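Hi,

Here is the model I promised to pass on.

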Amino acid sequence: MQPSPYTPGEIARAVPGRGELIDEFNERLSLLVDLQRLIGRIHVAFGERGIGKTSLLRAYQRLAEERDVLCIWVTAGEQSGLIAQIVDGIRDATSSWPHAAATSIREHLDQLTVTLGVPGVASVSAKTRAPAPEAVGARALEKLIRATADDRKRVKALILFIDEVQSADADGIRTLAYAWQHLQAEASDIPAAVYAAGLPNAPEQIADAVTFSERFAYRPLEMLSVGAQVAALRDPAFELDVTWEPDALALAAELAAGYPYAVQLYGDASWVAAGRPDAGGTITPRHVKTARSSVDRDLRNLFAARWANTTANQRRFLVAVAWLQEHGDAADRGDLADVLDVSSRSLSSVRARLIAKGLIRSEGHGRVTIPVPGFAGYIRELVDDPR
Ligand SMILES: Nc1ncnc2c1ncn2[C@@H]1O[C@H](COP(=O)(O)OP(=O)(O)OP(=O)(O)O)[C@@H](O)[C@H]1O
Ligand SMILES: [Mg+2]
């Protein structure tokens, strides 16, 4: 009996299906480490809940740490603000450095803390036309980044990882973006980079905070292809000398429909259904079929929690989208307005909130879908066709 190698609800140990992004990251890593260059654009991967954002950032981090890059990890959204979180991260990571190496970093840390800590700077500067606090902060942050990344004896490069970037404060995003702009203009030989991940509204949140969004490189995370799902199911078992029958792989991939969290649920529950096989064991379609009820239960719990977390207006909207997409079509603004019997303009704030929550995805031209497999079906079971 071997324990399950699958990771429902945990960081994935490998990220099949993200090969292009990993290749791109490796190339940037080489620019950073081998050529000692700044990565001038802030990278932002975005997608729905459970699509694998954190797992991707952690995979980047593992690759970077193998190359002696100093990695600072921040999960945005704390009260203190993004920059304070970054400052804390750098302080922690460098606190054990010998005094000589850390002196200038510490000076910059202190300076930045003072800059951040002055209450009411924003309102005063508006009146006196003093430089905006984020501009002051950006200079200080830039110096801190320079001092930290430039300590070649200790680190090859510096990468800031920012998860849940959609929850970062606008001032923090602005300060970071200004700092990166300065670095790009004046210090392209500082080996530093920022990699962020967030929900589908992250690009919008960032665009609202800064005017020059071309400084950001956005990468949407899609559902997994069949091949990626097969790799995610087969490889961890293979390492324990357990084989999936091809039909079992095909069935699990079909049922999980590309949603990474569901793939892990199917892997885990099929493993249990197969009796937590010893080396030499096999997982068959029968095991996957047995797994189905437990996976459905877990997914329904997840959907129920997401549903509970919506307002009455949002629910009406979701129900309309779920029924309109029953035959695989995206729901467009006009259809939705008809079904809900409201003007299409009045839909926009509900729509924006649902995108922000990662429950619907914009497909362009005012069309939206419910992207997480199974959620639309769950909603249709819950509420009858409103038409
Ligand atoms: N490339 C992948 N292949 C297979 N499974 C994956 C992959 N990426 C992530 N997973 C699995 O999917 C689930 C969700 O992963 P993760 O927590 O990284 O997603 P997330 O987008 O950060 O979710 P959230 O929005 O809730 O923070 C986990 O069970 C994880 O093990
Ligand atoms: Mg996450």
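Which residues line the second largest cavity? Ile42, Val44, Ile162, Val165, Ile173, Leu176, Ala196, Ile206 and Phe216 do, and by class they are 9 nonpolar, no polar and no charged (nonpolar being Ala, Val, Leu, Ile, Met, Phe, Trp, Tyr, Cys and Pro; charged Asp, Glu, Lys and Arg; polar the others, Gly among them). β1 and α7 (170-186) each give two or more residues to that lining.

Before you dig in: this is a predicted model, where local features need pLDDT of at least 70, side-chain atom pairs count only at pLDDT 80 or more, and totals for chains, interfaces and linings use all residues. Residues are numbered from 1 along each chain as its sequence is written, and side-chain values use heavy atoms, with hydrogens and water left out.

Searching the whole structure turned up 2 cavities of 30 Å³ or more. A cavity here is a set of points, on a 1 Å grid over the protein atoms alone, where a 1.4 Å probe fits but cannot get out; lining residues have an atom within 4 Å of a point. Volume is the space filled by probe spheres set on the points, which are joined across faces, edges and corners.

The second largest cavity comes to about 40 Å³, and the largest to about 50 Å³. Around the largest sit Leu21, Glu24, His43, Val44, Ala45, Tyr60, Tyr195, Ala196 and Arg219. That lining has 6 nonpolar, 1 polar and 2 charged residues, and β1 gives the most, with 3 residues (strands are DSSP E runs of at least two residues, helices H or I runs of at least four, numbered from the N terminus).

Cheers

Key:
Chains lettered and ligands numbered in written order. 1 Å grid on protein atoms, 1.4 Å probe; cavity = no way out; pocket = protein on both sides within 12 Å on 5 of 7 lines; lining within 4 Å.
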